Amino acid sequence: MKIKKLVAKQIKDTRGEETIEIKLVTDDGEFIASAPNGKSRGEFEAPVWKKSLSEDIKEVNKYFIEDINFREFNDLKLIEEAFSDRVGGNTMVALEYVFLKALAVKEDKKVWQLINPRAKKIPFPIGNIIGGGAHSNWKSTVFQEFHLIPMGNSKTNKEILKRGWENAREILGNIDNKPLGKVSKKLKTNDENAWQTTLDDKKVIEIMGDVKENMIDEFNVKVHLGIDVAASEFLKGKNYIYKKDKYSRDYQIKYIQNLSDKCYYIEDPLEQNDFLGFAEIRKKSKGLIVGDDLTTSNPERLKLAIKNKSINGIIIKPNQIGSLLKVKELVEICKKNSIKMIFSHRSGETSESIISDLAVGFEADFVKFGALGKGRDEKLNRLIEIEEEI
């Protein structure tokens with residue numbers, strides 16, 4: 001691959017905060033990629049930047065590779081060897097993204113085909129419909145996300161991506177009925193473009209159950225409820241602090257076990273080091289107990305979770321580990337141990353859509369890209385395109 005130019009610059013994410021965009025010019029054309037930013041970050045994530053965004057930009061801009069023997073996905077090791085000690089996780093994945101885009105054009109393939117040309121599995125979409133916790137301005141709910149998870153065939157999947165989320169959002173956003181309590185036009189949606197609410201967690205789950213039934217009737221598919229508890233966010237000392245209640249660890253475990261009867265998908269039900277507590281919840285759950293802050297897309301954290309039987313699902317965020325080769329290692333561990341994979345966006349997103357290719361190439365079970373809005377639509381639309389390509 002003949003490289004003519006490699007340039008990094010600062011751009012704004014969907015929260016209006018700074019992140020990085022990288023342009024690569026080769027003999028095959030010009031390619032652009034960007035990285036997202038997470039607001040709710042696990043303690044064990046890779047550093048976002050090596051020192052700062054401006055320092056990462058300087059490192060990219062002063063480093064020049066004229067020629068690189070980059071012929072397949074695994075050759076990303078050449079990029080990681082060149083930049084791993086110089087930049088943080090966000091910059092590294094943006095670099096890897098842009099080189100994959102260039103390689104795909106050079107090889108006359110799609111990015112997902114560079115990973116697995118025989119891939120046929122389209123992941124089910126997890127729609128973040130109502131948001132709370134750290135991503136919202138109102139603090140009535142402590143849980144961070146409330147999901148609808150339709151599981152149908154690919155045709156139905158496409159219809160839901162185009163119409164289903166709009167249908168659910170229209171029901172919930174009906175100002176006349178005020179199903180979400182007091183609604184402010186300014187604060188109607190949150191960081192991830194999910195509805196905000198003045199209602200508490202229990203009432204939101206009840207309302208989501210009604211919307212779920214509506215979606216089942218509309219699309220004639222199985223639909224599950226999901227929640228991202230993000231429990232580390234509201235652990236104070238030894239207790240989980242709800243609005244009017246203080247739950248001990250043991251009570252939190254029992255509470256989540258009871259919720260698993262209603263919610264098929266439960267993410268981070270306890271704080272990010274409680275592997276044994278996760279395992280207790282998993283024993284009583286018929287659905288998915290998912291690690292995010294617990295595992296931070298880190299193969300070593302995943303191995304520890306598997307050893308303790310803590311989870312049967314994992315969130316995968318490439319910039320969380322800052323290496324697509326580590327993502328590949330994580331995927332291989334998941335497949336060997338029957339761990340469901342959920343490729344996920346971040347709260348501060350960009351128009352970058354390559355994660356849809358990664359999800360299909362690595363044969364993810366689910367994607368969590370939000371539901372509607374800037375930084376989400378691009379990923380969902382790309383998933384629809386890949387369905388059509390396959």
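Lysine 39 is partly exposed, with a relative accessible area of 44%, a class that falls between buried (under 20% relative accessible area) and exposed (over 50%), computed with a 1.4 Å probe on protein chains only. The model is predicted, so local features need pLDDT of at least 70 and side-chain atom pairs count only at pLDDT 80 or more, while totals for chains, interfaces and linings use all residues. Residues are numbered from 1 along each chain as its sequence is written, and side-chain values use heavy atoms, with hydrogens and water left out.

The loop that holds lysine 39 runs between strand 3 (29-34) and helix 1 (53-62), where helices (H or I, at least four residues) and strands (E, at least two) are DSSP runs numbered from the N terminus. Arginine 15 stands 24 residues from lysine 39 in sequence, and their C-alpha atoms are 9.6 Å apart in space.

Two or more lining residues come from helix 4 (111-115) and from helix 11 (324-336), and helix 11 gives the most, with four. By class, the lining of the largest pocket comprises five nonpolar, three polar and eight charged residues.

The second largest pocket holds about 220 Å³ of space, and of its 13 lining residues the closest to the centre are Ser84, Val87, Gly88, Gly89 and Gly322. Its lining divides into six nonpolar, five polar and two charged residues.

Methods
Ala, Val, Leu, Ile, Met, Phe, Trp, Tyr, Cys and Pro count as nonpolar, Asp, Glu, Lys and Arg as charged, and the others, Gly among them, as polar. On a 1 Å grid over the protein atoms alone, a cavity is a set of points where a 1.4 Å probe fits but cannot get out, and a pocket is an open set with protein on both sides within 12 Å along at least five of seven lines; lining residues have an atom within 4 Å of a point. Grid points are joined across faces, edges and corners, and a volume is the space filled by probe spheres set on the points.
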